[in-house]
Amino acid sequence: MIQHKYKVLPVMFFFCLFLPCVLLSALPSRDNQNAELRFGVMSEPATLDPVSPSNTADGRSVLFNVYEGLVKSDTSGRLLPAAAESFNISKDALVYTFTLRGGLKFQDGTAVTASDAEFSLNEAKKNNFIGLGNINKIETSGDRVVIITLNDPDPDFLPYLTVGIVPKNNTDRENNPIGTGPFKIEKYSPQQELVLVKNPYYWQSGLPKTDRVTVVFSGDNNALYTGLEGGNINGAMVTPDVLGKLDQKKYEIVTGYSNSVQMMALNNSVKPLNDIRVRQALNYAIDVKDIIDSAFYGRGEPSGSPLIPGLKLYYNETLKDPYPFDIAKAKTLLTDAGYPNGFDLEIKVPSNYAMHIDTAQVIINQLAKINVHATIRLVDWATWLTDVYRGRNYEATVISLDGSTISPQSFLSRYVSSSASNFLNFKSDTYDKLFAQILTETNEDTRIQMYKQAQKIISDEAAAVYIQDIYAFQVFSGGFRGALTYPLYVLDFSVISRN
């Protein structure tokens with residue numbers, strides 16, 4: 001039984017939520033090949049329940065090691081069987097049939113059945129997980145076959161089936177988390193650490209390669225840096241500024257993307273941002289390269305799309321730089337919109353996001369060149385959730401959004417005008433119609449082009465100022481190595497070993 005107390009947050013898909021904590025005890029002896037990996041992260045899970053809608057990106061990244069769905073992504077983004085050993089998709093993309101692995105067990109040693117998978121997906125659907133609303137019914141055949149029938153054809157439905165499978169008779173998933181992943185949770189101390197130990201029943205031979213991982217919740221970048229250099233942690237996910245301060249000769253460094261889109265989100269329904277010319281002017285006035293150079297030590301992947309560049313098959317390459325830095329053009333657009341002398345703009349930024357504060361500070365200086373008098377208003381995370389995300393009471397905000405799955409729908413569905421996640425208040429009848437067509441298009445080549453067209457609509461309408469996919473770095477000391485990167489924000493501890 002896991003003992004803990006914490007407040008569950010509403011569903012958010014954000015990168016690097018910072019919470020206060022304490023770095024704990026020193027490392028165990030380095031002579032032990034299976035020594036404990038102590039890995040520092042910026043935030044803790046908002047929930048330990050994989051079918052709860054309340055988790056953050058950091059939370060999901062850690063729980064990737066505890067729970068598995070019917071399928072899971074590999075490092076290239078392909079979806080492979082996980083709890084299922086095989087699957088079949090009907091030609092009309094309406095029926096998905098899965099066969100569970102023979103002898104598959106939960107971390108407590110009990111057998112996984114088709115009824116457990118049915119229960120888990122129904123719970124996630126009830127909690128409005130993206131994509132699952134299209135499920136018409138879930139049926140089982142014996143203990144191992146799960147049959148999912150959709151209301152409408154969806155050839156991109158598979159990514160939504162990464163939802164973690166839980167025992168249907170576990171009525172206290174928060175305090176008694178049980179999954180099928182390579183690690184099980186031994187102990188959770190809120191704002192301090194989460195201890196993972198090897199799952200002896202894991203179906204994949206040879207994994208995990210490390211017996212014990214302690215995930216340490218550090219309050220800020222300085223705590224991560226101090227923990228790494230002082231030896232209290234021997235691994236961490238760090239930002240470019242921390243990497244720049246480390247003695248890099250001491251570390252194994254794995255470079256990847258955060259797989260999230262950093263942006264200055266704009267409230268499309270408030271004046272003067274309800275005028276497309278104003279939103280476009282802001283885009284032309286903001287120099288993305290300057291932001292990356294000034295706030296991220298030159299490390300980042302510029303992008304003008306709401307979709308991460310890592311989803312290469314679907315990413316619209318023409319949006320690398322859709323609004324080249326052009327002060328004269330920005331001023332002309334503002335004059336045409338009736339704001340020749342500019343206007344005041346408040347940018348709300350969560351106070352626990354140092355990288356977003358740094359970004360906002362650069363933006364303020366840039367917007368001053370077109371007489372837009374921007375100010376930063378720092379708010380705590382709870383206030384940001386209430387005022388910006390749920391209440392939509394803001395003008396602009398700097399944030400990073402990730403997707404809960406590797407499907408482009410996970411990034412693009414929030415821009416549908418009726419979406420509860422559309423906190424930008426973006427509204428385009430053309431976009432709504434196109435997105436509805438995407439959901440039923442069965443030809444893959446056609447669907448890919450439609451996804452690219454959808455990104456172009458959002459960019460042309462300047463729904464936000466899209467900045468970059470921030471580079472992320474996993475660093476390790478003490479001989480730990482083997483980390484992999486995915487086109488999804490996850491931490492895969494199962495492949496890390498100590499040489």
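Which residues line the largest cavity? In this predicted model, the lining consists of Val261, Met263, Pro306, Leu401, Asp402, Ser410, Phe411, Arg414 and Tyr415. Three elements, namely strand 13 (260–266), strand 17 (396–402) and helix 10 (408–412), each contribute at least two residues to the lining of the largest cavity. By class, that lining comprises six nonpolar, one polar and two charged residues.

Open space can be considered next. The second largest pocket contains about 630 Å³. Its lining is formed by 34 residues, of which Ser76, Gly77, Leu311, Ile406 and Pro487 are the closest to the centre of the pocket. Strand 12 (252–257) and strand 18 (464–476) are the elements that give two or more residues to this lining. Strand 12 provides the largest share, four residues.

Two packed helices are described by the angle between their axes and the distance between the axes. For helix 11 (residues 429–438) and helix 12 (residues 444–460), the axes come within 10 Å and cross at roughly 160°. Since angles over 145 degrees count as roughly antiparallel, helix 11 and helix 12 are therefore roughly antiparallel to each other. The crossing of helix 11 past helix 12 is left-handed. On the side of helix 11, the contact involves Thr430, Tyr431, Leu434, Gln437 and Ile438, and helix 12 contributes Arg447, Met450, Tyr451, Gln453, Ala454, Ile457 and Ile458. Sorted by class, the contact of helix 11 with helix 12 has eight nonpolar, three polar and one charged residues.

A second pair is formed by helix 6 (residues 288–295) and helix 8 (residues 354–367), whose axes come within 10 Å and cross at roughly 135°. That angle makes helix 6 oblique to helix 8. Here helix 6 passes helix 8 in a right-handed crossing. Asp290, Ile291, Ser294 and Ala295 of helix 6 meet Asp358, Thr359, Val362, Ile363 and Gln366 of helix 8. The contact of helix 6 with helix 8 has four nonpolar, three polar and two charged residues.

Methods:
Residues numbered from 1 in each chain as written. Predicted model: local features only at pLDDT ≥ 70, side-chain atom pairs only at ≥ 80, totals over all residues. Heavy atoms only, no water. 1 Å grid on protein atoms, 1.4 Å probe; cavity = no way out; pocket = protein on both sides within 12 Å on 5 of 7 lines; lining within 4 Å. Points joined across faces, edges and corners; volume = space filled by probe spheres on them. Axes fitted to C-alpha atoms, helices over the stretch in contact; angles between N-to-C directions. Parallel < 35°, antiparallel > 145°, perpendicular 65-115°, else oblique. Left-handed = near helix turned anticlockwise from the far one by under 90°. Contact = heavy atoms within 4.5 Å. Nonpolar A, V, L, I, M, F, W, Y, C, P; charged D, E, K, R; others polar.
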